[in-house]
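User: Please go through the side-chain contacts of this structure, starting with charged pairs and moving on to aromatic rings.

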Amino acid sequence: LCDLLPDEVSAHGYVYSVFGQPCPDGTLMINNFYPGHMSFMHRFTRHLELTEELRRRVRAFYHRKGEVPVEIYETMGFNANIYRTDHRERLLFDISRDRSDIDWFTDQIPLSSCRLVARGTGIGLDDGNELVRVPVLASSLIRVLYPGQVAFFAALFDNISFISGLAGVFLDGDGADGIVACPRIRFRSLVLERRQWLLRESATREFRIALGRWDAPLAVAAWLHAHRLPPRFYLRVRRTAFAGRVHNVAQEFQKPQFFDVDDLWLVQLAHSEVAGATEMLVSEELPHAYEPEFVTEVMTLVPDEGD
């Protein structure tokens, strides 16, 4: 994965959580990119009895080239998902709460005592101790609910919260019969977007009517065949606040629901799912819906000066 990233991305020395599924043709279906530094991996490791040696090795993985992650740990806003991380240093803001020593942080560094320094093509913090601190937010995934000052620094230093879907480039206009098609998007051996179809209001209404018939499986199968849509796919209903061109699939559509026209229970579930829908998005089944999904973290290193 690191070798396939463009130079403009890899030069920043970021860490990513990558969710993917291997496809039968040897390609890798990338379902999502999220921040690294254990943001997602902690969901699994916090339920395991890890030895101190394993925790030490995890921490060592992120300490590269004189850089140390410093956690933005803030118990404010919606913080039900705040949890302990394996990063041992914490960055303190003027508005930070819970300033008393927390047992797993060995040091709490005031932002006011730091200065900005260059790190490769990015920036970091220097508090005068010869190591560059790279602020990360691994203790929570809901960044948008933090105060603006905290959210700004999380976005400034840490890598992305999400990558906008590339499908938005294609999902515009009315399409033929109210259906707008988006091709499968690949980059070398990576599949970045499944083939998708945006069903505008007229097509969504026809699909909903077919689902409501007494012979729904047959009616839906005939409708899908007539519009050259697959019999198995992922279905997402568009949120009512959005219309027109699709700019961001993750924000504008609900979570995907798997659909199989040969499964009566899934047909009935889809009928409930699209009851009030005005538009919906259909994504091809790639790979098989029941193939395992893997999550891993990849790190792109900041190049040395002169490289």
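**Charged and aromatic contacts**

User: How many salt bridges does the structure hold?

Analyst: This is a predicted model. One of its salt bridges joins the side chains of Asp127 and Arg133, with N to O at 3.2 Å. In total, the salt bridges number 12.

User: Are Asp127 and Arg133 buried or exposed?

Analyst: The cut-off for a buried residue is under 20% relative accessible area. By that criterion, Asp127 and Arg133 are both buried.

User: How many residues apart are Arg232 and Asp260, which form a salt bridge?

Analyst: The closest N and O atoms of Arg232 and Asp260 are 2.7 Å apart. Arg232 belongs to strand β13 (residues 232-237) and Asp260 to strand β14 (residues 257-260), so the bridge links distant parts of the chain. Their separation is 28 residues.

User: Is Arg232 buried or partly exposed?

Analyst: Buried requires under 20% relative accessible area, and exposed over 50%. Asp260, at 10%, counts as buried. Arg232 has 21%, which makes it partly exposed.

User: Where does Glu285, another salt-bridge partner of Arg232, lie?

Analyst: The side chains of Arg232 and Glu285 meet with N to O at 2.7 Å. This pair also links distant parts of the chain, 53 residues apart. Arg232 is in strand β13, while Glu285 is in the loop between β15 (280-284) and β16 (294-299).

User: Within what arc do the buried residues of helix α5 fall?

Analyst: In α5 (residues 201-211), the buried residues are Ala203, Thr204, Phe207, Ala210 and Leu211. They line one face of the helix, because seen down its axis they fall within an arc of 125°.

User: Is the pair of Phe207 and Phe233 tilted or edge-to-face?

Analyst: The structure holds seven aromatic pairs, and in this one the ring centres are 6.5 Å apart. Phe207 lies in helix α5 and Phe233 in strand β13, so the pair ties together parts 26 residues apart in sequence. Both residues are buried. The planes meet at 55°, so the pair is tilted.

User: What is the geometry of the pair of Phe207 and Phe259?

Analyst: Phe207 in helix α5 and Phe259 in strand β14 are 52 residues apart. Phe207 is buried at 1% relative accessible area, and Phe259 counts as buried at 1%. With ring centres 6.0 Å apart and planes at 70°, the pair is edge-to-face.

User: Which residues form one aromatic cluster with Phe207?

Analyst: Phe207 pairs with Phe233 and with Phe259. The cluster also includes Trp223. Its members besides Phe207 are Trp223, Phe233 and Phe259.

Methods. Residues are numbered from 1 along each chain as its sequence is written. This is a predicted model: local features need pLDDT of at least 70, side-chain atom pairs count only at pLDDT 80 or more; totals for chains, interfaces and linings use all residues. Side-chain values use heavy atoms; hydrogens and water are left out. A salt bridge is a side-chain nitrogen of Lys or Arg within 4 Å of a carboxyl oxygen of Asp or Glu. Buried means under 20% relative accessible area, exposed over 50%, partly exposed in between (1.4 Å probe, protein chains only). Helices (H or I, at least four residues) and strands (E, at least two) are DSSP runs, numbered from the N terminus. The arc is that of the directions from the helix axis to the C-beta atoms. Rings of Phe, Tyr and Trp (its six-membered ring) pair if their centres lie within 6.5 Å; planes under 30 degrees apart count as stacked, over 60 as edge-to-face and the rest as tilted.
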